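Hi there,

Here is the structure I promised to pass on.

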Amino acid sequence: AGAAGIDPRELTLRELLDAADGRSRHDWQQTASVLAMLANCHRDPKKSKPFQPDDFNPHAPRQRGPAIRVTKENITDMRAEFIGETPSTED
């Protein structure tokens, strides 16, 4: 309730959590806009693209790369790449 700035007496825990999350998202959106403006004032336009508020907002959705489906055929290649195990020839 303190984070949201409201009286908690008539609210459930879920409602309080939603209110605190909403307040955090609102505050971060304002802060991210100011940070983007400040960063754009000091960036070299020849070397970088303009910053967007979502670049600074921890609540903004992030884009993920393409997913890789793990199959029996590619699991040994993944182990070799990430763990360093060499594929065994015991089949």
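**What I found**

Of the 91 residues in the protein chain, 10% are buried (under 20% relative accessible area, with exposed over 50% and partly exposed in between; 1.4 Å probe, protein chains only). This is a predicted model, in which local features need pLDDT of at least 70 and side-chain atom pairs count only at pLDDT 80 or more, while totals for chains, interfaces and linings use all residues. Residues are numbered from 1 along each chain as its sequence is written, and side-chain values use heavy atoms, leaving out hydrogens and water.

The protein chain has two helices and zero strands (DSSP runs numbered from the N terminus: H or I of at least four residues for helices, E of at least two for strands).

Asparagine 57 sits in the loop between α1 (13–42) and α2 (75–82), and is buried at 4% relative accessible area. A polar atom of its side chain lies 2.9 Å from the backbone nitrogen of histidine 59. Leaving aside residues up to four places away in sequence, asparagine 57 touches Trp28, Gln29, Ala32 and Arg62 (contact means heavy atoms within 4.5 Å).

Asparagine 74 is also in the loop between α1 and α2, and is buried with a relative accessible area of 19%. Its side chain reaches the backbone oxygen of arginine 69 at 2.9 Å and the backbone nitrogen of threonine 71 at 2.8 Å. Again not counting residues up to four places away in sequence, asparagine 74 touches Ile68 and Arg69.

Best wishes

Technical notes: A polar contact is a pair of N or O atoms within 3.5 Å; within protein, one must be able to donate a hydrogen and the other to accept it, and residues adjacent in sequence count only if both atoms are side-chain atoms.
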